[in-house]
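Look over the structure before reading on.

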Amino acid sequence: MELRQIRYFVRVAELGSIGRAARDLGVVASALSQQISRLESELATRLLMRTHTGVVPTAAGTAFLRQARLTLRHAENAVAAAREARLSGMVSVGFAPTTASVLAKPFYAAMAERYPNVRLHLVEGLSGNLGEQLSNRRLDLAVLFQNDSSQGRSAIPVLDEKLFLLAQRGMFALPDGEPVTIAELASLPLAVTSKAHGLRAWVEAAFERAGIEPWVAVEVDGLTTLMDLVQANAIATIQPGAAVARAEAGLLNMHPINDPFLYRRNAVYCINDEELSPAALAARVVLVDVMRAQVRHGGWPGATLLDS
C-alpha cells in the first residue's frame with residue numbers, strides 16, 4: 001500500500017467522483033481509477049460503490065476513510081518534523097536597545113526550542129543604523145519603527161508602544177503612574193537621543209504640538225548610559241515603557257503622557273520575502289509570535305497589539 005494510493009482514495013471519497021478528483025489531483029482519471037483498484041485488491045474489499053451521480057464509500061470504505069485521513073495527518077506531521085529538525089543556517093536579527101531589553105531573551109529561547117540548529121546573530125543598535133544594515137543585506141530581519149524609512153522593505157506591523165516620562169522618584173510632583181501633559185514637562189531637564197535617532201523625532205513633534213520648546217539637558221545615543229544618567233541625576237527622559245527593563249527596580253517613576261500621537265509602531269522588517277532563507281523565514285514567524293506573546297503576558301510595558 002502506498003501513501004499516494006491513500007491520498008487518492010481520500011480525495012475521491014471527499015469529492016464523490018473519480019473525474020473531479022482526477023482534475024483536482026492533476027492526474028489522468030484512468031490512472032486514478034487504476035490506483036484505487038489496486039488498493040481495493042490489496043485490501044481484498046470494495047471501498048467505493050458507483051452510483052448514477054458518482055461514487056460513494058462502502059461500509060468498508062467509510063471505515064477505511066477515517067483511518068486514511070488520520071494516516072495522512074500523521075504523514076504530514078512527520079514531514080514537518082523532519083524539515084524542522086534539519087532546518088539550519090545563520091539568521092541575523094536587529095533590535096533597538098529598548099526592544100532588545102524585552103525581546104532578545106525570549107526570542108532566543110523560542111528559537112532554541114523550535115529550531116536548535118539555526119544559529120542566531122543578534123545585533124543591538126540605533127534604528128537608523130539597523131535600517132542601513134538591513135538595506136545592505138547585513139541583517140536578515142529587524143524590528144524597526146513607523147518613521148524609519150521603509151522604502152524597498154517588506155514589513156509586518158505587530159504592535160504600538162506608548163512613550164512615558166521616566167524620572168527619579170521625588171523629582172516630579174505627581175505620584176508614580178499618574179499621567180502628565182507635555183506642557184507640564186517644559187521645566188524639566190531632559191536626556192534625549194540625538195537627532196539621528198528616530199525617538200528624537202517623536203519627542204520634538206510632541207513638544208511642537210504643545211507649542212513649547214523642550215529643555216534638552218544632554219543628548220545620549222546609548223540606552224544604558226542614558227538610563228544611568230537619569231537614575232543618578234535630576235534629569236528626566238521620554239522613552240517607551242520597555243526602557244524600565246534597563247533601570248534598577250524602584251529608582252524611577254513612570255508617567256503616561258497625555259498625547260494620543262506619542263507612540264511608535266513596531267514592525268518586523270526584511271528586504272523582501274524572496275531573499276530570505278528558509279531559516280530566516282522561520283525566524284520571522286517566531287519573532288512575530290514572541291512579540292505578540294510578550295504583550296499578551298504583560299512583558300512589554302505600554303504596548304498594545306495591532307491585531308489579536
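Rings of Phe, Tyr and Trp (its six-membered ring) count as a pair if their centres lie within 6.5 Å. By this rule, the model has 3 aromatic pairs. Note that the model is predicted.

**Phe9 and Phe64**
- The ring centres of Phe9 and Phe64 are 5.3 Å apart, and their planes meet at 65°. Planes over 60 degrees apart count as edge-to-face, so this pair is edge-to-face.
- Phe9 belongs to helix 1 (residues 3-15) and Phe64 to helix 4 (residues 59-86), so the pair ties together parts 55 residues apart in sequence.
- Phe9 is buried, at 0% relative accessibility. Phe64 is buried too, at 17%.

- Phe145 and Trp202 have ring centres 6.4 Å apart and planes at 80°, so they form an edge-to-face pair.
- Phe145 sits in strand 5 (residues 141-145) and Trp202 in helix 7 (residues 198-210), so this pair links parts 57 residues apart in sequence.
- Phe145 is buried, with a relative accessible area of 1%. Trp202 is buried at 7%.
- The charged end of Arg264 sits over the Phe145 ring, 3.8 Å from its centre.

**Annotated domain**
- An unreviewed UniProt entry places the feature "domain: HTH lysR-type" at residues 1-58.
- This span is 62% helix and 10% strand. Its end C-alpha atoms lie 19 Å apart.

**Asp259**
- Asp259 lies in the loop between strand 10 (252-256) and strand 11 (263-270).
- Buried means under 20% relative accessible area. Asp259 has 12% relative accessibility, so it counts as buried.
- Leaving aside neighbours within four places in sequence, Asp259 contacts Ile182, Ala206 and Arg209.

Definitions and conventions:
Residues are numbered from 1 along each chain as its sequence is written. This is a predicted model: local features need pLDDT of at least 70, side-chain atom pairs count only at pLDDT 80 or more; totals for chains, interfaces and linings use all residues. Side-chain values use heavy atoms; hydrogens and water are left out. UniProt positions are given in the numbering used here, feature names are shortened, and annotations may be inferred rather than shown by experiment. Helices (H or I, at least four residues) and strands (E, at least two) are DSSP runs, numbered from the N terminus. Buried means under 20% relative accessible area, exposed over 50%, partly exposed in between (1.4 Å probe, protein chains only). Contact means heavy atoms within 4.5 Å. Rings of Phe, Tyr and Trp (its six-membered ring) pair if their centres lie within 6.5 Å; planes under 30 degrees apart count as stacked, over 60 as edge-to-face and the rest as tilted. A charge sits over a ring if NZ of Lys or CZ of Arg is within 6 Å of the ring centre and within 35 degrees of the ring normal.
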